[in-house]
Amino acid sequence: MSVPADEPGNPAHAIFERFLRAGECREVLGCFVELCQQLGLQGSGLQLYHGLKAALNYWNAKALWSKLDKKAGHKDYDQGTACAGTKCLVVGAGPCGLRAAIELALLGARVVLLEKRDSFSRNNVLHLWPFTIHDLRALGAKKFYGRFCTGTLDHISIRQLQLILLKVALLLGVEVHINVKFEGLVPPTHKAGGWQAVLQPSSSPLTHYEFDILISAGGGKFVPEGFKRKETRGKLAIGITTNFINRHSRAEVEVAEISGVARIYNQKFFQNLYNKTGIDLENIVYYKDDTHYFVMTAKKQSLLKKGVILQDKADIESLLSPENVNWDALLSYAKEAANFSTNYCLPELEFALNHRDLPDVDMFDFTCMTRSENAALVREHNGSRLLLGLVGDCLVEPFWPLGTGVARGFLAAFDAAWMVRRWAAGTPPLEVLAERESIYQHLSQTSPDNTNKNISQYSIDPATRYPNINLQAIKASQVRDLYLVGTVE
Ligand code: FAD
């Protein structure tokens with residue numbers, strides 16, 4: 001007989017508390033399986049959520065349920081029935097895939113999420129716009145991560161954000177599978193059959209899962225077939241990110257963050273940096289989070305002069321290829337820039353380690369940014385339709401130093417969920433696509449200043465977020481080429 005979960009000393013409480021605190025992806029998943037086993041719960045979707053809620057009704061769990069219930073009670077979700085019967089596959093457990101999965105679960109869809117890796121390892125820190133902070137608080141972020149945006153903090157490490165969202169997704173019944181890579185689509189083989197996925201490993205039982213919605217959130221390097229990419233080539237921009245161990249000492253606490261110093265606003269700072277160290281930057285950001293995180297855009301000449309880049313080359317790929325970079329010089333460059341910009345007040349800067357157990361320093365090319373021409377498309381084969389939507393970096397690659405990535409990623413996740421809601425309501429496919437493209441037109445211009453100020457009212461309904469949005473700016477007749485009939489190439 002299972003033990004009532006509200007009894008003092010109940011083992012389920014201890015497992016739930018471990019789940020709330022778990023700091024690694026596999027640990028979170030392990031605790032969740034253990035919890036469901038302990039409570040004798042099976043299944044997925046909102047039914048699982050209700051089961052957990054009924055079984056765990058002690059104070060700490062109840063505080064979280066009241067937040068999630070408030071969220072789930074929003075009219076957009078129709079009491080979790082708006083997308084009942086809809087089957088979704090989400091690719092990628094980055095922040096945007098997880099955020100989209102949560103919305104789809106709240107709409108009552110069945111949601112299966114695939115992630116090719118089995119760990120969350122990115123120390124790098126994301127800037128959060130006020131609406132994302134509000135959104136994450138409403139999902140109970142503080143319950144999972146007590147330090148979440150305390151005081152005036154407006155950032156979080158990518159891995160902590162993934163952990164929070166993974167926990168919420170699991171509680172809402174999203175089925176999460178790690179170590180599974182999405183490789184392509186299998187169209188229905190017979191009339192009225194469903195769409196399936198080609199997966200690695202091919203032995204995964206999920207290859208038999210039939211879905212009618214695919215949300216791709218695989219990051220900047222992964223875009224499913226059928227979507228065209230647009231490249232924007234700007235002037236040469238070389239980004240460097242680095243993380244140092246944060247020991248949370250008094251001296252470290254006192255050092256001020258740099259929420260974005262751009263050359264045009266503070267020429268003197270950059271001139272002094274150059275005169276003293278030979279380091280020449282366009283901008284620099286410093287956030288104090290789990291680590292001391294710096295992101296900067298460096299000028300090529302100074303990287304050559306300081307011996308970070310060995311030889312000047314015309315194409316950026318060869319310029320930044322590992323053979324052309326002196327790793328030790330890059331470490332010194334990053335450390336010197338960090339030291340100077342914090343007035344040498346961060347004592348004993350020691351590199352944090354990345355997932356390869358190496359000092360966490362990286363150099364990236366931001367010269368060429370890509371975005372998808374369209375946000376969604378429909379495929380039809382053997383009479384079965386599949387709606388595909390992109391969210392996050394695979395929709396629009398962000399320029400990190402501007403800190404727009406995750407905020408625009410969340411906006412797109414909400415927009416995609418709205419699209420799925422419209423689809424499930426039986427809206428004609430071309431209308432769904434036209435509306436999605438009308439909304440997508442706005443994404444790259446969004447900022448905290450030109451989105452609605454009333455962030456507490458934000459929902460998946462675009463009208464709550466974008467002022468004066470015209471959902472019919474693009475007509476159904478203009479998106480016919482986004483409706484693809486026939487098998488996948
Ligand atoms: P991601 O966070 O990239 O997540 C995509 C997920 O999909 C990954 O977990 C990946 O493993 C998985 N995946 C990919 N292909 C498949 C597949 N075929 N099958 C299954 N799973 C798949 N932004 C900043 O603002 N500042 C930074 O310093 C910064 N540093 C970054 C460092 C790295 C190494 C990377 C990759 C990104 C960084 N970003 C940074 C970008 C930032 O992480 C994203 O904007 C943000 O995480 C939202 O991205 P996303 O969820 O769309 O994609």
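The centres of domain 1 and domain 2, taken over C-alpha atoms, sit 32 Å apart. Domain 1 is made of two stretches, 79-228 and 372-485, while domain 2 covers 235-366; these bounds come from an automatic or database domain assignment. Keep in mind that this is a predicted model, where local features need pLDDT of at least 70, side-chain atom pairs count only at pLDDT 80 or more, and totals for chains, interfaces and linings use all residues. Residues are numbered from 1 along each chain as its sequence is written.

So much for the layout; now the place where the domains meet. Twelve residues of domain 1 are in contact with 17 residues of domain 2, contact meaning that the C-beta atoms, placed from the backbone, lie within 7 Å. On the domain 1 side, strand E4 (residues 155-157) gives the most, with three residues. That side has five nonpolar residues, seven polar and no charged. Here Ala, Val, Leu, Ile, Met, Phe, Trp, Tyr, Cys and Pro count as nonpolar, Asp, Glu, Lys and Arg as charged, and the others, Gly among them, as polar.

Step back to the chain as a whole. There are 15 helices and 18 strands, taken as DSSP runs numbered from the N terminus (helices are H or I with at least four residues, strands are E with at least two). The C-alpha trace spans about 70 × 60 × 45 Å along its principal axes. Buried residues make up 42% of the 489 in the chain; buried means 20 or more other C-beta atoms within 10 Å of a residue's own, with C-beta atoms placed from the backbone. Of the contacts between residues at least 6 apart in sequence, 71% join residues at least 24 apart.

Next, look at strand E10 (residues 238-245), which is mostly covered, with six of its eight residues buried. E10 runs antiparallel to strand E13 (residues 291-298), joined by eight bridges, and Asn243 has Tyr293 in E13 as its bridge partner. E10 also pairs with strand E14 (residues 361-365), again antiparallel, over five bridges; pairing takes at least two DSSP bridges. Thr241 has Asp362 in E14 as its bridge partner.

Finally, the ligand. There are 31 residues around it, and Gly92, Gly94, Gly219, Gly392 and Gly405 come nearest; a residue counts as near if its C-beta atom, placed from the backbone, lies within 6 Å. Helix H5 (95-106), strand E2 (110-115), strand E6 (181-186) and helix H14 (405-424) are the elements that each give two or more residues to this shell. By type, the shell holds 14 nonpolar residues, eleven polar and six charged.

Conventions:
Buried ≥ 20, exposed ≤ 12 C-beta atoms within 10 Å, placed from the backbone. Contact = placed C-beta atoms within 7 Å.
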